[in-house]
Amino acid sequence: MKNKRGLIACIVFLLVFAVITISRKTKEIEKVPYQRNEGIVFNTVYHITYQYASDLQAEIEDELHLFDATLSPFNKTSVITRVNENDTTVVLNEWFVNVFRRSQDVWKQTGGAFDPTVSPLINAWGFGFKQGYSLSTQDVDSLLQLVGMDKISLDNGKVKKQDPRMSLNFSAIAKGYAVDVVAALLASKGIENFLVEIGGELVGKGRNPKGECWQVGINKPEEDSESVMGEIEEIVAICDGAMATSGNYRNFRYENGKRIAHTIDPVSGYPVQHSLLSATVIAPDCMTADAYATAFMVMGVDKSLQLAEKLKLNAYLIYAVDSVNTGVKMTSGMKELIVRETH
């Protein structure tokens, strides 16, 4: 009987000790301040909040500059620029290989709606580096010969193209990947609570300074292409995930009285003409969210919802009902993440 009582007393002591230890550790963690960094990168603004004893902004920016030197088509010496110039001496690093392979996967899943080789068409339609003009059917057919992820591959550490004029532009996925890269850097420091946002694409882990899931907004579509900060459509909670939004409502031009969207269908070669105004995707990582948000802007409302449900992605789609009114469709999982309706 004494042995039994002694065992019970020992168990009770261990439980009390564990509770006290956990309580102390929790209080110690709560005392760690939240750092807030912001700046300019990739011609856009970033905001990063994380719970850590010291400021990591310099280290974060060093990582982002290395990323820019890999995947920025505007950097004349970047890896992707050298690939586009057919430099056979360029060495592909892990970031380039990862984004290339994920792009291939999304290209297959979306039936070609997501395609980083679409730049020739984007440029020709006037939303890229060059001034656009009205394209004939022959123009489009000719440019389509240079488009397609099935015409480009990785072979023994090199990019192999069917046509040397082909080029890659990962802008529709790289910003999301950059968010993941920064998130990975913070996680490598043992940081459990952080929100990384670059140009609207974000990753949230753990809790905010209030001890809640990170609350982030989905913007309302606005016709004003000069608008930077729009009204919030919904607020969603993210404890462990990533969110990206793509839309054609801020980047378009008028031609003969008709609005031409900046979203080009890589399969048809023409700007999309459906009613979808913006697509917000929540996924495990921001590279995935970014890519599918772009693809959904090509695919339209119904096909996007079907694919999102199939892939277990959360999607929030805003579409035009008429010239004034908008409607919303979303996946079942997205409804559970909305914490406040603002409309």
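**Terms and values, one by one**

A: With -65° about the S-S bond, the link between Cys213 and Cys239 is left-handed. The model is predicted, so that local features need pLDDT of at least 70 and side-chain atom pairs count only at pLDDT 80 or more, while totals for chains, interfaces and linings use all residues. Residues are numbered from 1 along each chain as its sequence is written, and side-chain values use heavy atoms, with hydrogens and water left out.

Q: What makes the link of Cys213 and Cys239 a disulfide?
A: A disulfide is a pair of cysteine sulfur atoms within 2.5 Å, and the sulfur atoms of Cys213 and Cys239 are 1.5 Å apart, so the pair meets the rule. By this rule the count comes to one disulfide.

Q: Which parts does the pair of Cys213 and Cys239 tie together?
A: Cys213 lies in the loop between strand 6 (201-205) and strand 7 (214-219), and Cys239 in the loop between strand 8 (232-238) and strand 9 (240-247), so the pair ties together parts that are 26 residues apart in sequence. Helices (H or I, at least four residues) and strands (E, at least two) are DSSP runs, numbered from the N terminus.

Q: How do you know whether Thr280 is buried or exposed?
A: Thr280, which is found in strand 12 (residues 276-283), counts as buried because its relative accessibility is 0%.

Q: Which residues is Thr280 in contact with, leaving aside its neighbours within four places in sequence?
A: Contact means heavy atoms within 4.5 Å, and the partners of Thr280 on this count are Ile218, Met243, Ala244, Thr245, Asn314, Ala315, Tyr316 and Met334. Ile218 is 62 residues apart from Thr280 in sequence, yet the two are 7.5 Å apart in space, C-alpha to C-alpha.

Q: What makes the link between the side chains of Thr280 and Thr245 a polar contact?
A: A polar contact is a pair of N or O atoms within 3.5 Å; within protein, one must be able to donate a hydrogen and the other to accept it, and residues adjacent in sequence count only if both atoms are side-chain atoms. The side chains of Thr280 and Thr245 are joined by such a contact of 2.8 Å.

Q: Which backbone atoms does the side chain of Asn208 reach?
A: Asn208 has its place in the loop between strand 6 and strand 7, and its side chain reaches the backbone nitrogen of Lys210 at 2.9 Å and the backbone oxygen of Cys213 at 3.4 Å. Asn208 is buried, with a relative accessible area of 10%.

Q: Why are the buried residues of helix 6 said to be on the same side?
A: The buried residues of helix 6 (residues 137-144) are Val140, Leu143 and Leu144. They cover an arc of only 105° around the axis, which puts them on the same side of helix 6; the arc is that of the directions from the helix axis to the C-beta atoms. These buried residues pack against helix 5 (119-125).

Note on methods: Buried means under 20% relative accessible area, exposed over 50%, partly exposed in between (1.4 Å probe, protein chains only).
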